[in-house]
Amino acid sequence: DIQMTQSPSSLSASVGDRVTITCRASQSIITYLNWYQQKPEKAPELLIYTASSLQSGLPSRFSGSGSGTEFTLTISSLQPEDFATYYCQQSFNIPYTFGQGTKLEIK
Amino acid sequence: QLQLQESGPGLVKPSETLSLTCTASGDSISTSSFYWGWVRQSPGKGLEYIASIYYSGSTYYSPSLKSRVTISVDTSKNQFSLKLSSVTAADTAVYYCVRVKTYYPMDVWGQGTTVIVSS
């Protein structure tokens with residue numbers, strides 16, 4: 001299985017801050033990397049797919065980059081509704097695997 | 001707009017079989033290119049892919065669960081189902097049904113259903 005490792009595991013930030021979350025794969029996954037946002041008691045929601053494509057209807061403050069084994073999710077200016085847990089997931093091969101999550105909290 | 005809804009017992013006894021069904025509305029699961037799958041989330045193991053199936057019946061399973069999992073599809077009811085046998089407390093989780101496409105993300109998720117394994 002491809003192991004996905006996110007850092008940091010948790011992050012405190014303020015409204016308006018720029019934040020970056022990193023995801024590393026144990027082998028190259030080209031750009032088959034997706035990011036999800038999950039709020040408490042809700043299902044994950046797709047944010048970014050194939051490393052850098054923003055899901056339709058989502059604000060442009062979310063962006064993704066990377067290829068191979070290292071990827072980043074950046075939120076350019078945090079809004080109150082962005083405080084949640086973020087997961088990366090590889091769709092390069094089965095079994096699809098997820099990172100352990102990054103919990104973004106209000107400072 | 002496609003919606004997915006999980007259903008099934010919320011409590012299963014150890015050693016028994018967990019059975020869940022996902023009902024799709026707003027679109028047909030016979031749509032080409034998409035697979036239909038199950039993901040679970042537990043505090044101990046995070047998000048975990050279980051299995052996926054094409055409307056024609058082609059299946060993929062996570063190797064770690066393959067020996068206990070069966071996924072099936074009923075296109076006439078626009079449903080797909082999961083069976084997980086010989087459950088233990090480690091199978092306690094929120095189970096989500098999802099739509100997925102090869103190399104692409106899980107773009108539609110059900111709301112999730114909590115399954116507790118306990119006697």
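**Entry 1: disulfides**

I began by looking up the disulfides, and the structure holds two of them over all chains. I note here that this is a predicted model.

A:Cys23 belongs to strand β3 (residues 19–25) and A:Cys88 to strand β9 (residues 85–90), so the pair ties together parts of chain A that are 65 residues apart in sequence.

In chain B, the disulfide runs from B:Cys22 to B:Cys97, S to S 2.1 Å. The angle about the S-S bond is 60°, and I noted the link as right-handed. Distant parts of the chain are linked here: B:Cys22 sits in strand β3 (residues 18–25) of chain B and B:Cys97 in strand β9 (residues 93–101), 75 residues apart. Both B:Cys22 and B:Cys97 are buried.

**Entry 2: where the chains meet**

Next I turned to the contact, which takes 18 residues from chain A and 21 residues from chain B. Between them the two chains bury about 1700 Å², and 69% of that is on carbon and sulfur atoms. I looked for salt bridges across the interface and the rule finds zero. For polar contact, I counted six residue pairs between chain B and chain A.

On the side of chain B that touches chain A, the elements giving two or more residues are β4 (34–42), β5 (46–54), β6 (59–61), β9 and β10 (106–109). β5(B) gives the most, with four residues. I sorted the residues of that side into 13 nonpolar, six polar and two charged.

Definitions and conventions:
Residues are numbered from 1 along each chain as its sequence is written. Chains are lettered from A and ligands numbered from 1 in the order in which they are written. This is a predicted model: local features need pLDDT of at least 70, side-chain atom pairs count only at pLDDT 80 or more; totals for chains, interfaces and linings use all residues. Side-chain values use heavy atoms; hydrogens and water are left out. A disulfide is a pair of cysteine sulfur atoms within 2.5 Å. Buried means under 20% relative accessible area, exposed over 50%, partly exposed in between (1.4 Å probe, protein chains only). Contact means heavy atoms within 4.5 Å. Buried area is the accessible area (1.4 Å probe) that two parts lose on being put together, summed over both. A salt bridge is a side-chain nitrogen of Lys or Arg within 4 Å of a carboxyl oxygen of Asp or Glu. A polar contact is a pair of N or O atoms within 3.5 Å; within protein, one must be able to donate a hydrogen and the other to accept it, and residues adjacent in sequence count only if both atoms are side-chain atoms. Ala, Val, Leu, Ile, Met, Phe, Trp, Tyr, Cys and Pro count as nonpolar, Asp, Glu, Lys and Arg as charged, and the others, Gly among them, as polar.
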